[in-house]
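User: I am new to reading protein models and would like to learn how to look at one, feature by feature. Could you take me through it slowly?

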Amino acid sequence: AVKKGELWGYVNESGKLSINYVFESAGVFSEDLAAVRDTEKNMYYIDTQGNRKKNINSSVKPDEAGSFSGELVAIKTGSDYAYYDDNFEKKSANYSFAGTYSEGIAAVSENGNWYLINEKGKKINSQPYESVAMNENRVAFSGGVAFVEENGKYIMVDSKAERVGSQSFDEAKPFENGEMAAVRIGEKWGFADKDGNVIIEAKYDEARSFSNGLAAVREGETWGYINAENETAIEFAFTDCKDFNNHGCSFAKDGEEWVLIKLLEKNH
């Protein structure tokens, strides 16, 4: 999804406009569907061609609509979130917040208390967490683990809410594509593996988790990308950076404008 002026559209992996700038808001594509709101305030799901694919029941009156994962999607109505099936029939209780399901697990909040739940809505952790780390698509559970906050520190837990490793962090970001996750220790960011071991020392001013072999990191005012050996892979020349997706594409901010960058394979 990309924004031009006040409206949103979509570009493909070559940076070419695929769906015109006609939406007031535009969500992430997941399972070939994305939630959009048009200029007449109607919210629905489109396919990758921009065609209206799924209408949300008029009785739901959504303020926000999340990404489909399996058969459930989180929708906000008023101040409450709940999960709905692909026919937009309500399938859960109301929550203060509801995240996106991944690997059958999602993060939810009830009046400031955080839980991981399965697809049946059952809470995995009996004692509430202070917070749960999520990415921009509101995914908390990835690569078989999640980062949750207890006593002001983030720890790693598995699908049974059992702790993984002994390390704790001041902040953490979920794993992307099963690679190393960005973790903050003190004022600096480094990277940990799925066993909780710190693999790259915490020395960066800001960082995003590894994705497609690279991680976006900030040193001072500029962003660049490093590889798993902690070597600079793309020079520090940007004012912000996003994650590379499975097609090797990412957005990087050049001054005040976002540009699409793409990894190229070298032939030897």
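Analyst: Let us begin with a term that the sheets require: two strands count as paired if DSSP finds at least two bridges between them. Please keep in mind that this is a predicted model, in which the chain has zero helices and 27 strands.

User: What does the overall extent of the chain look like, and how does the radius of gyration agree with that of a compact globule?

Analyst: The C-alpha atoms of the chain fill a box of roughly 50 × 50 × 35 Å when taken along the principal axes. A compact globule of 268 residues would have a radius of gyration near 18 Å, and the chain has 19 Å, which agrees. Of the 268 residues, 41% count as buried.

User: How should I read a sheet, and what is the order of the strands in the open sheet of three?

Analyst: In general, the strands of a sheet pair through backbone hydrogen bonds, in either a parallel or an antiparallel way. Here the open sheet of three strands has the order 10-11-12, and its pairing is antiparallel. Strand 10 (97–98) and strand 12 (113–118) each have a single partner strand and stand at the edges, so one side of each is left without a neighbour in the sheet. Strand 11, residues 105–110, is joined to strand 12 by six bridges, and within this pair Val108 has Tyr115 of strand 12 as its bridge partner.

User: Which strands form the open sheet of four, and which of them are the edge strands?

Analyst: That open sheet has the order 13-14-15-16, again with antiparallel pairing. Its edge strands are strand 13 (131–132) and strand 16 (163–169), each of which pairs on one side only. Strand 15 and strand 16 pair over three bridges in the antiparallel sense, and the bridge partner of Val157 in strand 16 is Arg163.

User: How is a pocket found, and which residues lie nearest the centre of the second largest pocket?

Analyst: The general idea is that rolling a probe the size of a water molecule over the atoms shows where empty space is left. The second largest pocket is lined by 20 residues, of which Gly27, Glu64, Ala65, Gly66 and Arg138 lie nearest its centre. Strand 3 (17–26), strand 4 (34–38), strand 7 (64–65) and strand 8 (73–77) are the elements that give two or more residues to this lining, and strand 4 gives the most, with three. About 400 Å³ of space lies in the second largest pocket, and its lining residues divide into eight nonpolar, seven polar and five charged.

User: Which residues have the most contacts inside the largest nonpolar core?

Analyst: They are Tyr83, Leu116 and Val132, in a core of 24 residues. At least two residues of this core come from each of strand 9 (80–84), strand 10, strand 11, strand 12, strand 14 (146–150) and strand 15 (153–157).

User: How far apart in space are Gly15 and Lys262?

Analyst: From C-alpha to C-alpha they are 9.4 Å apart, while in sequence they are 247 residues apart. Gly15 lies in the loop between strand 2 (7–11) and strand 3, and at 37% relative accessibility Gly15 counts as partly exposed.

Notes:
Residues numbered from 1 in each chain as written. Predicted model: local features only at pLDDT ≥ 70, side-chain atom pairs only at ≥ 80, totals over all residues. Heavy atoms only, no water. 1 Å grid on protein atoms, 1.4 Å probe; cavity = no way out; pocket = protein on both sides within 12 Å on 5 of 7 lines; lining within 4 Å. Points joined across faces, edges and corners; volume = space filled by probe spheres on them. Nonpolar A, V, L, I, M, F, W, Y, C, P; charged D, E, K, R; others polar. Core = buried A, V, L, I, M, F, W, Y, C linked by side-chain atoms within 4.5 Å. Buried < 20%, exposed > 50% of the residue type's maximum accessible area, 1.4 Å probe, protein only. Rg over C-alpha atoms; globule rule 2.2 N^0.38 Å.
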